Amino acid sequence: MDKIKWCTGKREGLSLIEPNSNLAEAYIIKAEEALESLRVNIIKDWKISTAYYTIYFSLYSLLVKIGIKCEIHSCTIEFARQYLNEYLSEDDINFAEDSLKARIASQYYVDRTVSDVQFNKMVKSAPEFLVKCKSILIKLNEKRINEIRRSFGKLEL
């Protein structure tokens, strides 16, 4: 919970907003567009970035459906770990974290490499992650959204 608390204290970290299904759908569209870019790119670094953004936008769609805003990617992932663990497994969360690290390594550093194992996992699993998040969007009903918001809101005080 310490990381969540830290994230709520940051200006661009986790905060409550109004739940927004339309915005959630817009982020799913962004995830689908990133996935399409993944399919047409041939450069490894760009495939890593587009695979990551497929994953990230898919995950972020869940947050905005619940009514959570966050501009710090690691905080978005930590929110999912703490509050969406009935929908996403620890493997799913670790995959998102490892994908974030791979994207940072490939996008910001010329002396770091992403292993072929991680690269292949991202390319193979990003579409599956998107489908899983779409399924979760359907399962997130108003009752569960309110429970998550209440639980998170206690931390924000």
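Me: When does a charge count as sitting over a ring, and which ring does the charged end of Arg 112 sit over?
Reply: A charge sits over a ring if NZ of Lys or CZ of Arg is within 6 Å of the ring centre and within 35 degrees of the ring normal. In this predicted model, where residues are numbered from 1 along each chain as its sequence is written, local features need pLDDT of at least 70, side-chain atom pairs count only at pLDDT 80 or more, and totals for chains, interfaces and linings use all residues. Side-chain values use heavy atoms, with hydrogens and water left out. At 3.5 Å from the ring centre, the charged end of Arg 112 sits over Tyr 109.

Me: How far is Lys 44 from the ring centre of Phe 119?
Reply: Here a Lys lies over the face of a Phe: Lys 44 over Phe 119. The distance to the ring centre is 5.2 Å.

Me: How many salt bridges are there?
Reply: Side chains of opposite charge can pair when their charged atoms come close. The cut-off is a side-chain nitrogen of Lys or Arg within 4 Å of a carboxyl oxygen of Asp or Glu. By that rule, the count of salt bridges is 13.

Me: Glu 97 and Arg 81 meet in a salt bridge, so which of the two counts as buried?
Reply: Their N and O atoms are 2.7 Å apart. The pair links distant parts of the chain, with Glu 97 in helix α5 (residues 90–108) and Arg 81 in helix α4 (residues 73–83); helices are DSSP runs (H or I, at least four residues), numbered from the N terminus. Buried means under 20% relative accessible area, exposed over 50%, and partly exposed in between (1.4 Å probe, protein chains only). Glu 97 has 26% and is therefore partly exposed, whereas the buried one, at 16%, is Arg 81.

Me: Which residue forms a salt bridge with Arg 144?
Reply: The closest N and O atoms are 2.6 Å apart in the bridge between Arg 144 and Glu 86. Arg 144 is in helix α7 (residues 142–156), and its partner is 58 residues away in the loop between α4 and α5.

Me: Which residues touch Asn 41?
Reply: Asn 41 is in the loop between α2 (21–40) and α3 (44–66), and is partly exposed because its relative accessibility is 22%. Contact means heavy atoms within 4.5 Å. Not counting residues up to four places away in sequence, Asn 41 touches Trp 46, Lys 47 and Thr 50.

Me: What kind of aromatic pair do Tyr 52 and Tyr 53 form?
Reply: Rings of Phe, Tyr and Trp (its six-membered ring) pair if their centres lie within 6.5 Å; planes under 30 degrees apart count as stacked, over 60 as edge-to-face and the rest as tilted. Tyr 52 is buried at 1% relative accessible area, while Tyr 53 is partly exposed at 23%. Their ring centres are 5.1 Å apart and their planes are at 75°, so the pair is edge-to-face.

Terms used:
Helices (H or I, at least four residues) and strands (E, at least two) are DSSP runs, numbered from the N terminus.
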